[in-house]
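Hi,

Here is the structure I promised to pass on.

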Amino acid sequence: MSPSAVLRIIRATALTQARLFFRNSQEWTRVLMMPLQALVAMAILVQAGRADLAGYALTAALLFTIGDMGFFVGSEVVAGDRSQQVLELLTAAPTPYFVVLVTRTLFVASVGLIGFAESWLIARFVFGVPVAVHHPWVLAGALLMTVFAAGATAVLTAALFSLARSTRTLQNAVNGPFYLLGGVLVPAAFLPAWLKVLSPFVFFFWAASLVRDSFAVAEPVDIALRLGTLAALGLAGALLGGLVLRRMLDHLRLNGRLGLA
Amino acid sequence: MRHAWRIYRHGLLVGARDFAIFWNWKTWLGGWMMRILTNVFVWVLLGRLLGSPEKLHYLMVGFAATAGVGTFSVAAASWDRLDGTYPLLVVAPSSIAAALFGRMSIWMFGWVASAVLTFVIVTLAFHWMFSASALAFTFVIIVLLCVTTFFLTVAVGAVASLAPRTRNMCNFFVTLVIMAFCGVSVPVSFWPAWLQFFCHVLPVTHGLEAIRLVLSGGGAATEILRYIGLEVLVGLGWLGLSLLIVDRFAEAGRADGSIELV
């Protein structure tokens with residue numbers, strides 16, 4: 001396929017996903033609800049006299065929202081296509097299903113950015129704490145790479161979940177440990193040593209530290225390296241996701257269960 | 001009354017099937033408890049970040065004693081509408097309340113198990129020890145605050161079932177409100193006075209106060225009993241309200257013909 005054809009497909013897929021998303025009130029209300037957790041985090045920090053740590057609350061609300069979109073909405077894409085009987089058509093089409101899936105999970109993850117705006121507004125207008133972004137370029141890079149990593153990881157989870165019978169159970173179980181290990185609210189440095197060693201393998205760890213640093217006055221260090229690691233983790237997730245997706249589709253084809261959900 | 005009890009038990013059996021669709025004991029322990037525990041640790045670690053042992057203990061009690069409380073129940077109030085069994089329940093001669101309480105309350109038993117287990121694990125993880133009697137009292141109050149929260153979820157669930165699509169959103173709201181305003185994360189006194197009024201008529205607020213007094217070891221018995229009494233009172237208030245509205249809301253669907261439309 002020519003690059004222009006691929007671009008056309010990506011555009012059409014993104015538009016379709018946008019329509020699906022905003023038509024489904026369960027999904028778009030989720031993205032507005034998640035950032036409300038900033039209310040709890042801000043309350044704890046302000047009450048303890050540490051409004052200066054408001055950036056931590058914003059980071060958590062942002063990553064809770066992006067993570068939720070990836071784990072709950074993005075991960076359901078393949079299972080949803082299967083139960084709505086469109087997976088057979090999509091896999092029979094000349095466009096690789098992988099392209100369609102990546103576009104959709106990336107779209108869903110990017111909607112999670114609302115979490116940042118909403119939690120900033122909560123800090124500003126509920127608690128009267130204007131959170132200054134001291135390093136806007138670091139923030140922009142971090143947000144971009146976080147969305148990429150979340151969307152790419154969702155490809156892997158979407159492929160894995162499509163085989164499982166009880167998707168909801170898995171969805172519920174995975175995000176908690178990732179948030180804890182990634183240090184989305186409290187930096188991973190505060191975890192016990194035996195847990196901390198796992199943190200660098202979780203993309204939330206790099207995302208959280210970069211977003212937090214963009215609120216700090218101090219000049220952040222090793223930005224390129226950290227953004228690169230975040231991107232690399234996302235890429236690894238997408239590649240692994242692609243492999244799993246192929247195995248999974250082959251498996252379903254072989255069994256003739258592609259359209260049986 | 002005897003009939004109501006029998007209907008409740010059958011409703012509970014339906015609820016048990018709902019529960020089994022979500023969890024078996026392996027996925028409950030490995031999936032659900034993993035999620036609940038990690039979530040509690042995510043918040044409790046703020047105490048470490050703030051470098052204050054009191055804050056750490058405050059968050060531990062608040063988040064562990066309410067771990068999982070309020071989940072699923074509000075949504076479960078709408079499931080009869082989605083299953084198509086709702087019109088039959090409404091036209092049945094008995095009140096819908098017994099059937100609804102039965103199907104929803106299975107989640108309340110889940111909350112008790114989650115909160116008690118989480119409380120034990122989290123306090124052990126931070127090497128916080130209590131006397132056996134303090135622990136026993138805490139468990140009793142946890143059961144109480146699960147029951148009072150359950151009555152609140154019936155009332156909210158009845159409202160949500162008018163627009164079943166909002167069920168998950170309403171459920172999330174209930175858990176968020178408890179987490180933010182009922183003394184889980186910050187003392188109620190932190191919030192503006194008008195908000196404090198609402199905090200005091202919500203479940204959990206007084207129950208948590210009682211637990212904190214029990215665990216501090218310094219609370220006078222009368223104070224503890226006063227908070228327990230207030231929690232009971234709040235629970236009875238929500239029970240009364242929910243009994244008052246469930247049938248009316250169900251009848252509303254019959255009156256305007258929307259009963260089978262979801």
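Predicted model: local features only at pLDDT ≥ 70, side-chain atom pairs only at ≥ 80, totals over all residues.

For the complex, the predictor reports an ipTM of 0.93 and a pTM of 0.92. Chain B has an average pLDDT of 93, and 100% of its residues score at least 70.

Chain A has 13 helices and zero strands. Its radius of gyration is 19 Å, close to the 18 Å that the globule rule gives for 261 residues, so chain A is as compact as a globular protein of that length. Along the principal axes, its C-alpha atoms fill a box of roughly 60 × 40 × 40 Å. Buried residues make up 48% of the 261 in chain A. Of the chain A contacts with a separation of 6 or more, 80% are between residues 24 or more positions apart.

How many of the twelve residues of α11(B) are buried? Eleven are, so to speak, under cover; among them are His206(B), Glu209(B) and Arg212(B), along with Leu208(B), Ile211(B) and Val214(B). What do the buried residues of α11(B) pack against? Their partners in chain B are α3 (53-65), α8 (132-160), α10 (193-200) and α12 (221-256). After α11(B) comes Gly217(B), with a positive phi near 75 degrees.

Cheers

Methods: Residues numbered from 1 in each chain as written. Chains lettered and ligands numbered in written order. Helix = DSSP H or I, 4+ residues; strand = E, 2+ residues; numbered from the N terminus. Rg over C-alpha atoms; globule rule 2.2 N^0.38 Å. Buried ≥ 20, exposed ≤ 12 C-beta atoms within 10 Å, placed from the backbone. Contact = placed C-beta atoms within 7 Å. pLDDT = per-residue confidence, 0-100.
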